[in-house]
Structures are given as C-alpha cells and as structure tokens.
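Work through these exercises with the structure open. Try each task before you read its solution.

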Amino acid sequence: MFPKSILILVLVFFFSGFNLARAELVINEFVSDPESGSEWIELRNPSSSEINLDGWNWTELASPGGESEHESSPRNLTGIIPASGFFVISITNVNGVLNNGGDSIGLYDGTTPKDRVTFGAVSGYQVDLEKPAKGKSGALISGSWQTNQEPTKGTANPSFGSSDNDDNNDNADDNNNNNDDNDEPSSVSTATPAKIKTEVSVRNIAYVGIPLAFQGKVTQGGEQVHGGKYFWNFGDGDFREVKVINVDKFTHTYFYPGEYTVIFEHYPNYFTEEPDASENLNIKVIEPQVAISRVGDADDFFVELSNNTDYDVDMSGWFLLGNIKSFTIPKNTFLTKNKKIVIPGRTSGLMLSDLPALKLATPSREIVFEYFPNVPTSTPQKPVSSKNAKNLEAEPPSEDNISNLENLGANVANAGVLGEENTRTSPPSFTWPIIFLGFVGVSAYAVYAIRHKKLAPGAGNDFELLDE
C-alpha cells in the first residue's frame with residue numbers, strides 16, 4: 001500500500017509540473033502603425049497561474065524582406081502577468097521599431113522560442129497575416145491571426161460570431177435552406193468590442209488661488225470600466241494617481257496665471273506603460289479680478305460686486321468679511337463677465353459697522369479685495385516757479401504789506417493768548433479731596449507736635465538739688 005501511495009504522489013507532482021511547464025505566453029495583438037501614440041505588442045497568459053517575465057525577451061526583424069533580413073538583439077522583459085491576464089509592451093522609440101510594411105515578432109523564454117507572428121512583406125518567415133492598416137491592429141482571434149482589427153489593448157480580443165445569433169435562432173432553418181441553394185459560403189462577422197471612452201467634467205477657466213473641481217471616468221459600451229487606474233497630469237508639475245473605483249470629485253489649485261494642459265489617462269492594470277484611453281484639455285488660469293464696487297448706507301447696507309474680466313466667475317463659497325459679521329455666498333452663484341450683482345444687507349446680515357474692515361475672500365479665505373470708502377483729498381498747492389521766487393526776493397515789501405504783516409502778527413499773538421487761556425483748565429474734580437485730606441493731615445500733625453512739646457520735661461527737671 002505504501003509504494004502505491006508514493007507512486008500516486010509522484011504522478012501528481014509530475015503532471016502538475018507538466019501543466020506548469022505548459023503555462024506559457026502567447027503574442028495576442030500588436031499595432032505597428034498607430035494613428036497616435038506609440039507602437040505596442042500585447043502578450044496574454046492563458047494559464048491559471050501567474051508568470052514571471054524575468055528571463056523572457058522579444059525580437060523583431062532588421063531589414064525585413066531584404067537580403068540582410070535577420071532578428072534584432074533580444075529585448076528583455078520584466079514584470080508579472082497574472083493568470084488569464086495581459087501585458088502590453090510599449091515601444092517608446094520615437095521612430096518606432098516595428099516595420100509598417102512587414103515584420104516578424106518573436107517571443108523567447110531565454111533562448112527558447114515560444115511564439116511568433118509574421119505580417120506583411122517578409123521573406124524568411126511564414127507570413128501569418130497581411131500588414132494592418134494605419135491605426136488598426138493584428139489580433140489573434142479564435143486561434144488565427146486577423147488583420148485590420150480595432151485595437152483592444154490590454155483587454156481580450158473579440159471572438160468570431162455575433163451575440164445576435166441567439167436572437168436569430170428562430171430563423172435558422174430558413175437560413176440553412178437558403179444556404180443549400182447558394183453554393184457561396186456565408187460571410188463570417190467579427191464582433192468588435194465597444195471603444196473605451198473618457199469622460200471629464202471640469203471648467204476650462206480657473207482663477208489663481210481658487211480650487212478647481214475635477215471629475216473623470218472611463219466607459220465602454222455605455223458602462224463604467226471598473227478595472228485599472230486613472231492618472232491625472234495637471235500641467236503645473238503636479239499629478240494624481242487613483243484607482244478606477246474612485247470617481248469622486250476632487251479639486252486642484254493653480255497658483256500662477258497661464259494656460260495649462262491637463263492629461264487624463266486610463267490604464268487597464270498597474271503593469272502596462274501605455275494607457276488604453278486618454279484625453280487632453282486646456283485650462284486657462286487668470287487673476288480673479290472681482291471687486292467690491294459700491295456699498296449702501298445705514299438703512300440698507302448692500303454690497304455690489306463687479307466682475308472686471310471677460311469670463312464668468314463662479315462665486316460659490318466666497319466670503320464677504322466685515323468688521324463684526326461675515327457672509328458666505330451660496331453655491332451656484334455666477335457673476336457673468338463684465339457684470340455686477342448686488343447683495344442686500346437684509347440677505348447678508350452685514351451692517352454699516354462692518355464697513356471699516358469690509359473684504360472679499362475666496363473659498364480658501366484668501367483676500368482678493370479690500371474696500372476703502374472714498375475719502376476727499378485736499379487740492380495740492382501749485383508750486384512756485386524759480387522766476388517768481390527771484391522776483392519776490394528782489395522786490396521790497398510795501399507799506400501795505402508791512403501793515404498786513406503787523407496785523408497778522410497781532411492776530412497770531414491774540415490767537416496765542418486765546419490758545420493759552422484755552423489750555424488753562426481747572427484741576428480735575430478728584431484733586432480737591434486729595435488737597436483736603438492733605439490739609440487735615442498737616443493740621444493733625446501740628447496739633448500733635450504742640451501737645452507733645454507741652455508734656456515734655458524741661459532741662460532743669462532732669463535732677464533735683466538737695467540741701468545739706
């Protein structure tokens with residue numbers, strides 16, 4: 001019994017090792033002439049276990065179709081492909097690597113060839129398919145290579161047949177009868193998966209120092225994609241990378257004016273280097289030129305706001321800060337370009353006492369405008385020219401001028417006397433009690449001193465003379 005158990009265990013390990021050895025990669029799809037972006041090659045792991053790519057490499061042909069046609073140097077692969085997963089090789093060379101007219105892609109485990117696909121004008125290898133058109137892919141569908149397919153980078157390729165066949169089973173007999181009468185074979189259609197699309201929600205105008213709301217997601221066939229990751233590049237050196245399940249709104253703040261290019265990308269998994277969907281959009285960032293242009297009085301202390309730009313401003317969450325109170329502008333309040341809005345005092349709760357410190361602030365409490373009431377200023381004196389100054393020095397003063405000066409001096413003297421009299425103020429009321437207390441104290445001390453002098457003995461009373 002014991003030897004049989006050992007034999008069974010050996011057979012189990014043997015066949016398990018055989019199955020693991022068969023867990024090999026295949027070339028699943030490629031794009032040699034993309035409309036935009038870079039060339040890419042997709043590998044597929046058809047097994048039920050992950051595959052470590054260490055030691056794997058791939059090649060293509062140098063001078064395909066020519067006399068010197070030969071394989072290029074191996075290009076190493078790194079990473080792990082999960083069971084039934086995909087791995088995309090992104091060719092980042094500016095001029096590309098794959099030949100648009102024809103090439104042969106080889107996949108090796110070390111020096112052992114594992115798979116190969118050849119397309120177009122190639123002489124030294126068996127051609128599997130015609131060269132795909134620009135923007136189309138070569139795809140392995142149901143075990144055979146098909147050209148001019150819609151790229152499905154990072155996802156499964158379509159299979160032959162259509163899902164509509166189940167709906168047409170009622171007419172199968174009629175179709176078969178027609179096929180019997182027709183010697184030509186019926187055409188086979190390929191089900192093409194829906195294209196992955198990006199959906200980005202953001203305003204194309206932003207303001208310096210004011211958070212801008214972003215939201216993005218990816219759909220396929222009208223349904224949201226739930227795998228992979230999103231990558232945001234905001235064009236100002238900042239970025240954001242999140243899982244696909246996170247489609248909530250978030251904000252980003254630009255701190256300098258200018259035009260920024262935002263790139264939103266979707267990656268089918270964390271191993272691929274090229275996105276399967278992306279979208280570029282431009283954000284114009286300007287200074288928030290919103291001002292408090294006018295205010296009311298004590299009866300109705302309204303506040304008038306003016307937009308001095310050529311763009312609409314979302315005032316949601318902005319603040320009017322007063323000396324005592326403050327007011328938060330409600331959401332969905334838009335101040336259109338070169339227009340004004342008036343916020344009544346009965347709505348804001350602000351009063352005339354808030355005027356000395358009235359300010360307008362962004363949702364992040366950054367002050368963008370401080371209101372100062374109009375204060376009349378004195379008219380500046382007209383400067384005296386040097387010519388007039390010389391004339392004034394050269395001409396002696398007339399008698400009228402002397403009398404005027406004497407009168408002016410008398411007036412100044414009188415003003416000084418009046419000023420001196422005005423400055424003579426009576427002592428404060430609280431000084432009189434102090435003076436009275438001082439007087440009482442001095443009087444008490446004087447009485448005490450007099451009485452003490454009367455009671456003190458004289459110099460002759462210190463001793464007594466006795467008669468002998």
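A residue is called buried under 20% relative accessible area, exposed over 50%, and partly exposed in between. Keep in mind that the model is predicted.

**Exercise 1. Two asparagines**

Task: Find where Asn 148 and Asn 332 sit, and class each as buried, partly exposed or exposed.

Solution: 
- Step 1. Asn 148 belongs to strand β13, residues 144-149.
- Step 2. Its relative accessibility is 41%. That value lies between 20% and 50%, so Asn 148 is partly exposed.
- Step 3. Asn 332 sits in the loop between β27 and β28 (334-335).
- Step 4. Asn 332 has 58% relative accessibility, so it counts as exposed.
- Step 5. Now check the backbone. Phi is near 55 degrees for Asn 148, positive in a residue other than glycine. For Asn 332, phi is near 65 degrees, again a positive value in a residue other than glycine.

**Exercise 2. Strand β10 and its partners**

Task: Describe how strand β10 is paired, and decide whether it is enclosed or open to the outside.

Solution: 
- Step 1. Take the β4 side. Strand β4 (residues 56-59) is joined to β10 by 4 bridges, and the two run antiparallel. Trp 56 has Asp 109 of β10 as its bridge partner.
- Step 2. Take the β11 side. Here 8 bridges link β10 to strand β11 (residues 112-120), also antiparallel. Ile 105 has Val 117 of β11 as its bridge partner.
- Step 3. Look at the turn. β10 and β11 make a hairpin with 2 residues between them. Gly 110, in that turn, has a positive phi of about 70 degrees.
- Step 4. Count the burial. In strand β10 (residues 102-109), 7 of the 8 residues are buried, so the strand is largely enclosed by the rest of the structure.

**Exercise 3. Salt bridges across the sequence**

Task: The structure holds 9 salt bridges.

Solution: 
- Step 1. Side chains of opposite charge can pair when their charged atoms come close.
- Step 2. Asp 33 is in the loop between β1 (26-31) and β2 (39-44), and Lys 134 is in the loop between β11 and β12 (137-141), so the pair ties together parts 101 residues apart in sequence. Asp 33 is buried at 19% relative accessible area. Lys 134 is partly exposed at 48%.
- Step 3. Arg 75 lies in strand β7 (residues 75-76) and Glu 60 in the loop between β4 and β5 (61-62), 15 residues apart. Arg 75 is partly exposed at 29%. Glu 60 is buried at 7%.
- Step 4. Arg 116 is in strand β11 and Glu 71 in strand β6 (residues 70-71), 45 residues apart. Both are partly exposed: Arg 116 at 23%, Glu 71 at 26%.

**Exercise 4. A surface patch**

Task: Which residues form a nonpolar patch with Phe 439, and is Phe 439 buried or exposed?

Solution: 
- Step 1. Locate Phe 439. It is in helix α6, residues 431-455.
- Step 2. Read its accessibility. At a relative accessible area of 57%, Phe 439 is exposed.
- Step 3. Phe 436, Leu 437 and Val 440 complete the patch on the surface, and the four residues together have about 450 Å² of accessible area.

Conventions:
Residues numbered from 1 in each chain as written. Predicted model: local features only at pLDDT ≥ 70, side-chain atom pairs only at ≥ 80, totals over all residues. Heavy atoms only, no water. Patch = residues over 30% accessible without salt bridge, like charges linked within 9 Å, V, L, I, M, F, W, Y side chains within 5 Å. Areas by Shrake-Rupley, 256 points an atom, 1.4 Å probe, with all protein chains shown as cover. Salt bridge = Lys/Arg side-chain N within 4 Å of Asp/Glu carboxyl O. Buried < 20%, exposed > 50% of the residue type's maximum accessible area, 1.4 Å probe, protein only. Pairing = 2+ DSSP bridges.
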